[in-house]
Amino acid sequence: MALAKLEQLSKSVVQGPSLATGAVPTKDWMDTPVIFKEGNFAYPAKKEKVEYLDSQEGLSFPNARIWSPDEDDWKLPEDWQETILKGLKERLDKFRSLKIFMDCCVRCGACADKCHFFLGTGDPKNMPVLRAELLRSVYRNDFTLAGKLFGKMAGGREMTVGVLKEWFMYSYQCTECRRCSVFCPYGIDTAEVTMMIRELLHTVGIGINWILEPASNSNRTGNHMGLQPHTFKDNVDFLAEDVENLTGVKINHSFNRKGAEVLFITPSADVFAEPGLYTAMGYLALFEQIGLDYTWSTYASEGGNFGLFTNNELMKKLNAKMYAEAKRLGVKYIIGGECGHMWRVVHQYMDTMNGPADFLEVPRSPITGTVFDNARSTKMIHISEFTADLIRHGKIKLDPSRNKNVRATYHDSCNPARAMGLLDEPRYILDHVVPEWFEMPENTIREQTFCCGSGTGLNTDEIMELRMRAGLPRANAVKHVIDKHDVNMLSCVCAIDRATLSSLMGYWNPGCDVCGVSELVGNALVMDNEKRAMGYDAEGNESELPDGFRTMV
Amino acid sequence: MKYAFSFLAVLALVLIAWLGSMIPGMQYLFGVAIPYLAILIFLGGFIYRVVQWAKSPVPFSIPTTCGQGKSLDFIKQDKLDCPTKTSEVVARMFLEIFAFRSLFRNTKSELHEGPKITYESSRWLWLAALLFHYSFLVIIIRHMRLFLNPVPQWLHFLDFLDAGAMLQVGAPLLYASDLAILAGVLFLFGRRLVNRNVRYISLANDYFPLFLIFAIASTGILMRYFLRTDIDIVNIKELLVGLVTFHPVINFKIGSIFYIHVFLVSALLIYFPFSKLMHMGGVFMSPTRNMANDSRAKRHINPWNDPSIKPHSYAGYEDEFREFMVDAGIPVEKELPPKKDEE
């Protein structure tokens, strides 16, 4: 489906009949079935991808088949309803969060207008409370006394194919960004609810390709792009050459090297596509300059974890590569690149799922001697923590004027902000690498940050309009600083953001680019024995290339 | 429609108690048996629900971080919104439970031409919620004087404060908490009707407790100030003290309004454990709020963690790609088998 023209969508968001614009639906939400049509759903997972995942030890992805959401018959297994209810019961017993969140909501509606999907689509079922009610209504009907006695009167409803379809529609219109959970008086986290719904859907063979294909790639080749070891190496080698071409400094990097001090893992998108490439160049330049004894891995070549978007078993399986590889190579600790959901997994799940990492040491910066006590158990630190510490100790020389063309703002990625508390490290770095940068309005940053609109595996092209709608609150806040401060660069610490915000800016705010914070670090970095490639400035005088790494690709 | 149903349900409860209590001999049912049953169901149900929650483990450390976490020593940690120590978690929970801190953050978003989205702070819900819950609490505590003999001094004092007794003349004194709870309930009900988002999501289960609590407060007020026939505080107290000392007697005729009030309270107690009102217990146990953000410093244990889930092995990976790896100069664990010379 072609993406609506900007003027059209701008009008539609504000004037189109939706709950967000004041048109209250006349029908109760329980009586409003979902309708799938090209453009409002992500394509289902390919049969062979589901089969591959299902064949892997410890995973269950049953009912591989060819099907489409816009057809009436979803080719569900005979006993699908029983499977779902059994799965729900099992999860209620495994997750206290699910039980509490099913029982405690008072429908105060504080979350309603906090969701970027609701603000952009106006669809009532995108209010976090109603998204949760989609599951809660079934829970009430089958698992609570009130529901068993009073049924619909008590807000219960039977599990039907219609309900299942609704679950699919709206659990894939949620990016698990947790913004609603900041405002909920009971901390009800829709991310938990969405995760549970998605897990349940997988038990009957409902999943989308944009998640399951990258997930199977990650399992097999080590990264979601499906880059095989030699290709992964080639890509990084090219980037290293580009860094050398700009700085005149030869980059010494290595792959799968045993005995390195540090294993470095970043989302594979950083070595594959713009503008992530520039961020990866930033890492290469920084590590070269400080002489870090580190290695890349082709086996654990993915920081991101598409398992997080499916079920906890796959999340664990994919994540397990990090420690497995660290152990095999005998490194002391791990540094992780800029990525949002990767850091949710590393910060909140990794140690629990795949620890204890007793074969690693508490991370200690070899340059500053700082011991990262906050990561003393997981033994993995964030590149922003590592870099901020270097800057603090004056161990790297930075020339912000090399970023003089950049008028930056900073986007907090959902997961580092609300599932980690990484807010000020990137800001501290920005303070030292650009001449000036500007904050977006306070209700749109830090713990109240707005999602890019395409997280949790939703950055697929067939739902572009949905993505542009969901990204509107973020884009709108960027526009605010563009108008006010001539901002031209949206910086972030997330690989998915680098991909999705680029599309989002291209649509809503053309002219505003997207970069990783480490790109700005690399550009501002003054390296020993450097011999910068020269060009000409606007006046025709010979000068350093004003766009740094961006000139190179 | 949903509120009409809830309204009718509460009206039915009122009628049952009113008519029922006028049937001779039924006073014991409404004044003794049902209240006992209600308390039993409330306590049993509440404990049952909490135990049910507690039975499910918290497999992962999932606090919602609402501020800067503890990391480098020159980065200032937000101890309240991103706690790492137990004392900080307790502080966060205390403000959550007693000051409804998350609700205090509430904003209202609006879409304007452009498009432009604006956000402004919106604290009416927070204010009404505080008013409602605290006046309810004061009223419950105030009622203790009907169950305790002698009445402790501090209860007299609370009563005195609640009535603003220094400002009022004449009797009976008007309680501030009575007005506050009515105002709170009316606001919460009005908001459910007026706020289109909330109206659309509201269920009968949302209106019912509001009507019920409104009816309880109203019958209490009516009994105290207006429908005084056969309302003798001495008799009522004798019954209520009898209830808590397990020697309940009804020696006097007590007005129907009393039985209606008590019956509605009983209904609330019975309804409580099976409804959303359990948020009172749940708020203490919400994992996104009551956990420390220290999951990289301290390993959180998941009791059902499955050690049999292993990564796709490195050996398997190398077996698949060994040739490419050797060609590309990537170190391998096992060298390629020596090539057989062709010819």
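Into which domains is chain B divided by the domain assignment? The assignment gives domain 1 (2–64 + 138–282) and domain 2 (310–343). The structure is a predicted model. In it, the C-alpha centres of domain 1 of chain B and domain 2 of chain B lie 75 Å apart.

The secondary structure of chain B comprises 13 helices and two strands. Its radius of gyration is 30 Å, whereas the globule rule gives 20 Å for 343 residues, so chain B is more spread out than a compact globule. The C-alpha trace of chain B spans about 115 × 50 × 45 Å along its principal axes.

Within chain B, helix α9 (residues 204–226) packs with helix α11 (residues 256–271): their axes come within 9 Å and cross at roughly 155 degrees. That angle makes α9(B) roughly antiparallel to α11(B). The crossing of these two helices, α9(B) and α11(B), is left-handed. On the α9(B) side, the contact is made by Leu212(B), Ile213(B), Ala215(B), Ile216(B), Thr219(B), Gly220(B), Leu222(B) and Met223(B). The α11(B) side supplies Ile257(B), Phe258(B), Ile260(B), His261(B), Leu264(B), Val265(B), Ala267(B) and Leu268(B). By class, the contact of α9(B) with α11(B) has 13 nonpolar and three polar residues. No charged residue takes part in the contact of α9(B) with α11(B).

Chain B also meets chain A. Here 88 residues of chain B are in contact with 102 residues of chain A. Several elements of chain B give two or more residues to its side of this contact. The helices among them are α4 (101–104), α8 (196–201), α9, α12 (279–285) and α13 (314–328) of chain B. The strands β1 (107–112) and β2 (116–121) of chain B also belong to this list. The most comes from α13(B), with seven residues. The side of chain B that touches chain A has 42 nonpolar, 30 polar and 16 charged residues.

Chain A is likewise described by domains. Its domain 1 covers 24–207, and its domain 2 covers 215–540. The C-alpha centres of domain 1 of chain A and domain 2 of chain A are 32 Å apart. Contact between these domains of chain A involves 28 residues of domain 1 and 30 residues of domain 2. On the domain 1 side, α2 (47–55), α5 (116–121), α9 (179–183) and α10 (190–203) of chain A each supply at least two residues. The largest share of that side, five residues, comes from α5(A). The residues of the side of domain 1 of chain A that touches domain 2 of chain A divide into eleven nonpolar, eleven polar and six charged.

Two helix pairs of chain A were examined. In one pair, the axes of helix α12 (residues 229–247) and helix α13 (residues 276–290) of chain A come within 9 Å and cross at roughly 70 degrees. The two helices, α12(A) and α13(A), are therefore roughly perpendicular. From α12(A), the residues Leu239(A), Ala240(A), Asp242(A), Val243(A) and Thr247(A) meet Leu277(A), Ala280(A), Met281(A), Leu284(A) and Ala285(A) in α13(A). The contact of α12(A) with α13(A) divides into eight nonpolar residues, one polar and one charged.

The other pair is helix α11 (residues 209–221) and helix α14 (residues 312–329) of chain A, whose axes come within 9 Å and cross at roughly 35 degrees. The crossing of α11(A) and α14(A) is left-handed. Ala215(A), Ser218(A) and Asn219(A) of α11(A) make the contact with Leu314(A), Lys317(A) and Leu318(A) of α14(A). By class, the contact of α11(A) with α14(A) has three nonpolar, two polar and one charged residues.

Most residues other than glycine have a negative phi, and most peptide bonds are trans. In chain A, the peptide bond from Glu274(A) to Pro275(A) is cis, with omega near -10 degrees. Pro275(A) sits in the loop between β1 (262–265) and α13 of chain A. In chain B, the bond from Gly114(B) to Pro115(B) is also a cis peptide bond, with omega near -5 degrees. Pro115(B) lies in the loop between β1 and β2 of chain B. Glu176(A) is not a glycine, yet it has a positive phi of about 55 degrees. The place of Glu176(A) is the loop between α8 (161–171) and α9 of chain A.

Definitions and conventions:
Residues numbered from 1 in each chain as written. Chains lettered and ligands numbered in written order. Predicted model: local features only at pLDDT ≥ 70, side-chain atom pairs only at ≥ 80, totals over all residues. Axes fitted to C-alpha atoms, helices over the stretch in contact; angles between N-to-C directions. Helix = DSSP H or I, 4+ residues; strand = E, 2+ residues; numbered from the N terminus. Parallel < 35°, antiparallel > 145°, perpendicular 65-115°, else oblique. Left-handed = near helix turned anticlockwise from the far one by under 90°. Contact = placed C-beta atoms within 7 Å. Nonpolar A, V, L, I, M, F, W, Y, C, P; charged D, E, K, R; others polar. Domains from an automatic or database assignment. Rg over C-alpha atoms; globule rule 2.2 N^0.38 Å.
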